[in-house]
Amino acid sequence: MAAMRYRLTFIAGVALGYVLGTRAGRERYEQLKKAAQTLAENPAVRNAAESAAHGGRDFAGKAYHSVSEKVGDKVPVSVSDRVRSLRERNGHGAADDWGTTNT
């Protein structure tokens, strides 16, 4: 009889700890989520992210151009078409001859 009472007390304690722990965990999750949203809405962070994205695209374009000059026509057409479409989508396609072969 006493063993059963200890088991029930232990199970009740585990259940209570689980409920309180999940509630505290959920509150912390909501705090972290709100902090991440606030950070993402910060203009300085947005500008830095845009700058990094533009720099990455520019670097990728220069790297592709450099590699394509060295390997010539060995770059698959599907790759050059895909990269060219990405450049056009980002507004860089009309004025440059990037991705074409110079013979």
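What covers the buried residues of α2? I opened the notebook with that, keeping in mind that the model is predicted.

**Entry 1, overall layout.** I looked up the secondary structure and found three helices and zero strands in the protein. Read along the sequence, the order is α-α-α. I then checked burial: of the 103 residues in the protein, 9% are buried. I noted an accessible surface of about 8,600 Å² for the protein. Carbon and sulfur atoms account for 61% of that surface.

I went to α2, which runs over residues 43-71 and has 29 residues. From its first C-alpha to its last I noted 42 Å, close to the 42 Å expected at 1.5 Å a residue. I looked for buried residues in α2 and wrote down Gly61, Tyr64 and Ser68. My opening question has its answer here: the cover over the buried residues of α2 includes α3, residues 77-89.

I also looked at the N-terminal end of α2 and found that asparagine 42 caps it. A side-chain oxygen of asparagine 42 lies 2.9 Å from the backbone nitrogen of alanine 44.

I searched for salt bridges, and the count came to one. Glutamate 30 pairs with arginine 26 in this salt bridge, and their closest N and O atoms are 3.0 Å apart. Side chains of opposite charge can pair when their charged atoms come close. I placed both glutamate 30 and arginine 26 in helix α1, four residues apart, which is about one turn of the helix.

I looked over the surface and found a nonpolar patch formed by Phe10, Ile11 and Val14. Together these residues have about 320 Å² of accessible area. I traced valine 14 to helix α1, residues 2-41. Valine 14 has a relative accessible area of 44%, so I listed valine 14 as partly exposed. The cut-off for joining a patch is over 30% relative accessible area, and the 44% of valine 14 was the value I checked against it.

Methods:
Residues are numbered from 1 along each chain as its sequence is written. This is a predicted model: local features need pLDDT of at least 70, side-chain atom pairs count only at pLDDT 80 or more; totals for chains, interfaces and linings use all residues. Side-chain values use heavy atoms; hydrogens and water are left out. Patches are made of residues with over 30% relative accessible area and no salt bridge: like charges are joined within 9 Å, nonpolar side chains (Val, Leu, Ile, Met, Phe, Trp, Tyr) within 5 Å. Accessible areas come from the Shrake-Rupley method with a 1.4 Å probe; for residues, only the protein chains shown count as cover. A salt bridge is a side-chain nitrogen of Lys or Arg within 4 Å of a carboxyl oxygen of Asp or Glu. Helices (H or I, at least four residues) and strands (E, at least two) are DSSP runs, numbered from the N terminus. Buried means under 20% relative accessible area, exposed over 50%, partly exposed in between (1.4 Å probe, protein chains only). The expected span of a helix is 1.5 Å times one less than its number of residues. Contact means heavy atoms within 4.5 Å. A polar contact is a pair of N or O atoms within 3.5 Å; within protein, one must be able to donate a hydrogen and the other to accept it, and residues adjacent in sequence count only if both atoms are side-chain atoms.
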